[in-house]
Amino acid sequence: MNKHRYLPMTDEDQAEMLAAIGASEIEDLFADIPPKVRYQGTLRMSGAMSEPELLQHMKELAGRNRDAERYTSFLGAGLYDHHIPVVIPHILSRSEFYTAYTPYQPEISQGELQAIFEFQSYMCELTGMKVANASMYDGATALAEAAALASAATGRSRVLLSSTVHPEARAVVKTAARGLGLEIVEIGYCGGVTDLNELENMASDEIAAVLVQSPNFFGCIEDIQACGRIVHARGGLLVTSCNPLSLGLLEAPGNLGADVAVGDAQPLGIPASLGGPTCGFFAVSEALMRRMPGRIVGQTVDKEGKRGYVLTLQAREQHIRREKATSNICSNQALLALCASVYLSVMGKAGLQEVAKQNYCKARYAAGRAATEPGLSLAFEAPFFNEFVIKLPEGTSPDDLSAKLLQAGYIGGLELGREYPELAGHMLVAVTERRSKAEIDGFISEMGAG
Amino acid sequence: MKPDKALIFEMSRPGRVAYSLPECDVPECDASEDIPVHLLRSKPAGLPEVYEVDVIRHYTELSRRNFGVDNGFYPLGSCTMKYNPKLNEEAARLAGFARIHPYQPEESIQGALELLYTLQQDLAELTGMDQMTLQPAAGAHGEWTGLMLIRAYHESRGEKRTKVIVPDSSHGTNPASATAAGFETVTIPSNSKGLVDLDKLRAAAGPDTAALMLTNPNTLGLFEEQIVEIAAIVHEAGGLLYYDGANSNAIMGIARPGDMGFDVVHLNLHKTMSTPHGGGGPGAGPVGVKSRLIPFLPKPVVSRRADGTYYWDYDRPQSIGRVKAYYGNFGILVRAYAYIRSYGPEGLRRVSECAVLNANYMRMRLAPYFDVPYPGICKHEFVLSGKRLKAYGVRTLDVAKRLLDFGYHPPTIYFPLNVEECLMIEPTETESKETMDAFIDTMIQIIREAETNPQLLLEAPHTTIVKRLNETQAARKPVLNCTCG
C-alpha cells in the first residue's frame, strides 16, 4: 500500500529521502532488528477500508446497539442519561483543544491551561474544597488514589470502605490496595446507608481513612458529616465520593468535613459511552495540596507581568520524581474536564440548582409511583437524590424483565443480585431530568405488571 | 498590550442564563421535608451567570490560544503526534456508541462488544501476544496494570519477587508505576551506544527480579539489538519482560514484542493508533499478555460464544480484579478500531516504514548542526544534544521557545535524562517532506541566530499571546483556582 489519505509520502519523496540518508531501500532502516525477531508475515486482520466503506461499517456496528436516543433509559448506577447542552459537542470539536498534547509549552497552550484552571475552580466551587487537580481517569480510580493519599498522609495502612460505594469503585480500590500494601475493611450498610454503628466499632487509631459515597450506590444520601466525626476522632481522613450534579442540591463535602472529595464528572455533559471516557475529579484540603496526584495548573505572570497559566507543583510527578512520585498518572481526561467545565458554564448558578432539583423531584415522583404500584415496593426509606431501589414482584426473572422493558422501549435499571446477593430481585432505577411524567408512569406500570 | 483573557467566572452578570430546561412536569417537592437540613446545600455553588454567546466566544477564544496537530507540525518525541482522522471522531459520536450504557443487557450492545472483541484480537496480533485487556485508561495505567499482572503471576507460583529493573533512559512512569504496584525500582545505566548494558543487566537480575521494563525502540529511538539476549537474561533469572509500548509506531508489522520475548505489553492508543490526545487525555492503554498470564487479566474480558454472540466474561477466579470502572475508555477504543480498519495490515506496516523514514531523514539533515549522541540509524524518533550552543549562552530550552515564533510545537526537551541538553524529535508518518524541510530550515536558521544574536533566543518567544511565564512563582505561591465564585 503506497497511497493512503493520511500518508503524504510519494515515490519521489521516498527516493529523495532515502538518497539523503544514504540508504538504498527502506529495508536498510530496519537492519538493526535481529532477523530472529523480524516479523515476515502479514498481520492476520481484515484489509483496509475506504472512507465510505469504513463509515458504513461503523454505522452498522453502532446500529446494532440500542442507545439512549432511541430508547428511554432508567439506567444509572454511576452513569446517567442527562441532557447534554448543544454547545458542548461544538466546543469539544474545536481541534485546537482535542488534537493538542498535555500543555508542556505554556506559551502556545494558554487555552488548555486556562480551561484546566477553570475546571479546578469549578471543582472547588462544587465540592467546597480548597484545591483540585486537572482530572483523573474516572471516579473509581480517583477513589483509589484518594486511599493512597490518605495512607501516605497519615502513615497508616488500614482503610475503611463503605459497602454502599459503587461496587466497581470498590473493586478498583481493592486492586490498587494490593499494590500499595493497604488493608481494606468493608463497612456494611443498614437501611440503604452506611452502618454508622459498625463504622464506629471498626474505627481505630490505625485507620488512614474512611471512604464513603454520597449519594451512594443505592442513590441514598449518606450523613457524611457523621462519618467524618467518627473518623476524625481517630485521626483518620474523611474521603467522600460524590455525584457533582447532586451538589446543586446537596451540601458541599468540604462543608461537611471532607479531607478529600472525589467523584466522576460524567453527569456534567459527558455521554455514557459504554462507561468511558468519563472524567474523575480530585479535590483536597489545603494541607494535602502537595500530596495530590496528577497534573495541576497554577496561575502566574509572564515576564511582562501579564497573567498566564502553567503546569505547576511538578515536584510531585513521575517525570521529575520517578519512583518517589505521588502517583504514576500523567495523561488524564483533559478533554472531558473541558466538557464538564462547559456544562457548568452553560448551567450556571441557577441551572445547576434547577437541574438537580428536577432530578430529585422526578425521582421522588417515580418512587412514589413505584410504592403504590401493585407488586412493587421501595427497598429503603433513606432519602435519595435521583436514584432508588425497587423491590420487584416475587419470582421476577431479571433477564426476562429487561427483555420485556426493551421490547416496550425502555432501558431498565440495574438488577442488584450480582453485586449484592441479598438484594437479588431488586432493581436500581435512575430518573433524570430527561424523563417525562408520562415516561415514568409508563415505565413503572410496565415493571409492576410483572 | 491586549488585556488578560477573562476567566469565565469574571464574565458573570447576575440574571443571565445559558441553560434551557423544560418545565418540571411532576409535582414540586420540598427537599427539606425529606433530607436532613445539614445535608442540603446551604449556599449555592459560585458558578458564573453567562448566556450562550458568552460560552461560545469564551471557549472559542481559549481554543485560539491553543496549538494542536491540526494547527501545525508537532514533533514532540515519545508522544507520536500524528494526524487524528476525522472519520474516527464522527464514528465515536454516533449515538449507537456514545449513548450506550455498560449495564445494558448484552444482547442490546452486540455491536459494541463485537468491536471490542475484534480490537482485542487485532491488538494481540499486532503485538504478538495471546490475549488483551482494554480496561486501562492511559499508558501509565497500562504499565501499572501490567505490573500487577506480573505480581499476581509470581505470587501464584509462590515466589516473592520485589524488584523491577528499568534502564536510565526509561520513561518516568515506569519507576512510578513500579512503586504503585509495590515494587522497588532498580535503575541500570545504558551503555555507550545508548542501549541496555548486558553486563549491568546480568548483575542486576536475580532471584528477586520481578521484571525488566523496556521500551523498544527505546527512548533514544534506538532498537535494542540484543533484545534476544536481554530476554534470555531476565527469563533465566525467573523474571518477566514488560514492553512499554509508547514507541510502537516504529514497528507495526515489522517486529512484534511477543516475538522478541516480552511477556506483557501495553500500547498507547493515543499515540500509535492516532486517537487524539485531548490536551492531556483521554487516552487508552490496553495491555496484552502471553498465555501464562491470561488467568490474571482484569475482569471482565470480552469473549465470543460458539453461536457468534459476544459477552462479558467474569468467570476469572485468578483475575487481579478491576483497574477501572466499566470497560475502559470505550470512545477511544472506537477510534482506534476505525484507525486499524482504515489501514489494514499492509497499511499499518507502511505507517511504520514512513515514520522511520521520516525520522531518519530529519536526523540526517539536522546532524551537522547539533551533537548526535548516538549516530546510526534510528527508528521513529531520534535525539540530538544542544550542548554546543552553550558556548553562545543558549540552551535547548531557548531553541524550543524560539521555535514557537515560527509556528511549530517544539520537540520534547530534556528527556531522556541521560542526554545533555536533549532534543527528542518524532515527526510521525503523517508529515510531508515539505513540512519537515521547512522545519529543518527553521532549525538551521535558529542555530545561526544563536551564533549571531543569542538574545533573540533568550527572549523568545516574541509572537505568542504570553511571554515566558514565571514557573517558580507558580510553584512557590500556588494559585490553583480563582475564588471569584
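Visitor: What should I know about the ground rules?
Guide: Residues count from 1 along each chain as its sequence is written, chains are lettered from A and ligands numbered from 1 in the order written, and side-chain values use heavy atoms, with hydrogens and water left out. The model is predicted, and local features need pLDDT of at least 70, side-chain atom pairs count only at pLDDT 80 or more, while totals for chains, interfaces and linings use all residues.

Visitor: How many helices and strands does chain A have, and what makes something a helix or a strand here?
Guide: Chain A has 13 helices and 17 strands. Both are DSSP runs numbered from the N terminus: a helix is H or I with at least four residues, a strand is E with at least two. As for extent, the C-alpha trace of chain A spans about 80 × 55 × 50 Å along its principal axes.

Visitor: Why is Asn133(A) called buried?
Guide: Buried means under 20% relative accessible area, exposed means over 50%, and partly exposed is in between, using a 1.4 Å probe and protein chains only. Asn133(A) has a relative accessible area of 1%, so it is buried.

Visitor: Where is Asn133(A), and what does it touch?
Guide: You'll find Asn133(A) in the loop between strand S2 (131-132) and helix H6 (139-154) of chain A. Leaving out residues up to four places away in sequence, it touches several residues, including Phe119(A), Phe282(A) and Arg295(A); a contact means heavy atoms within 4.5 Å.

Visitor: What makes Asn133(A) and Pro293(A) a polar contact?
Guide: A polar contact is a pair of N or O atoms within 3.5 Å; within protein, one must be able to donate a hydrogen and the other to accept it, and residues adjacent in sequence count only if both atoms are side-chain atoms. Here a polar atom of the Asn133(A) side chain lies 2.9 Å from the backbone oxygen of Pro293(A), so the distance falls within the 3.5 Å limit.

Visitor: Why is strand S9 of chain A called mostly covered?
Guide: Five of the five residues of S9(A), 260-264, are buried. Val260(A), Val262(A) and Asp264(A) are buried on one side, and Ala261(A) and Gly263(A) on the other.

Visitor: How do you know that S9(A) pairs with S8 and S10 of chain A?
Guide: Two strands pair if DSSP finds at least two bridges between them. S8(A), residues 237-241, and S9(A) have three bridges in the parallel sense, with Ser241(A) partnering Val262(A). S9(A) and S10(A), residues 280-284, have five bridges in the antiparallel sense, and Val260(A) stands opposite Val284(A). So both pairings meet the rule of at least two bridges.

Visitor: Are Cys220(A) and Cys361(A) buried or exposed?
Guide: Cys220(A) counts as buried at 3% relative accessibility, and Cys361(A) is buried at 1%.

Visitor: What makes a space a cavity or a pocket?
Guide: On a 1 Å grid over the protein atoms alone, a cavity is a set of points where a 1.4 Å probe fits but cannot get out, while a pocket is an open set with protein on both sides within 12 Å along at least five of seven lines; lining residues have an atom within 4 Å of a point. Grid points join across faces, edges and corners, and a volume is the space filled by probe spheres set on the points. The count is 12 cavities of 30 Å³ or more.

Visitor: Which residues are closest to the centre of the largest cavity?
Guide: The largest cavity has a volume of about 340 Å³, and of its 27 lining residues the closest to the centre are Gly78(A), His166(A), Gln213(A), Ser241(A) and Asp264(A). H6(A) gives the largest share of the lining, three residues.

Visitor: What is the volume of the largest pocket?
Guide: About 1100 Å³. Among the residues closest to its centre are Tyr104(A), Arg295(A) and Ile413(B).
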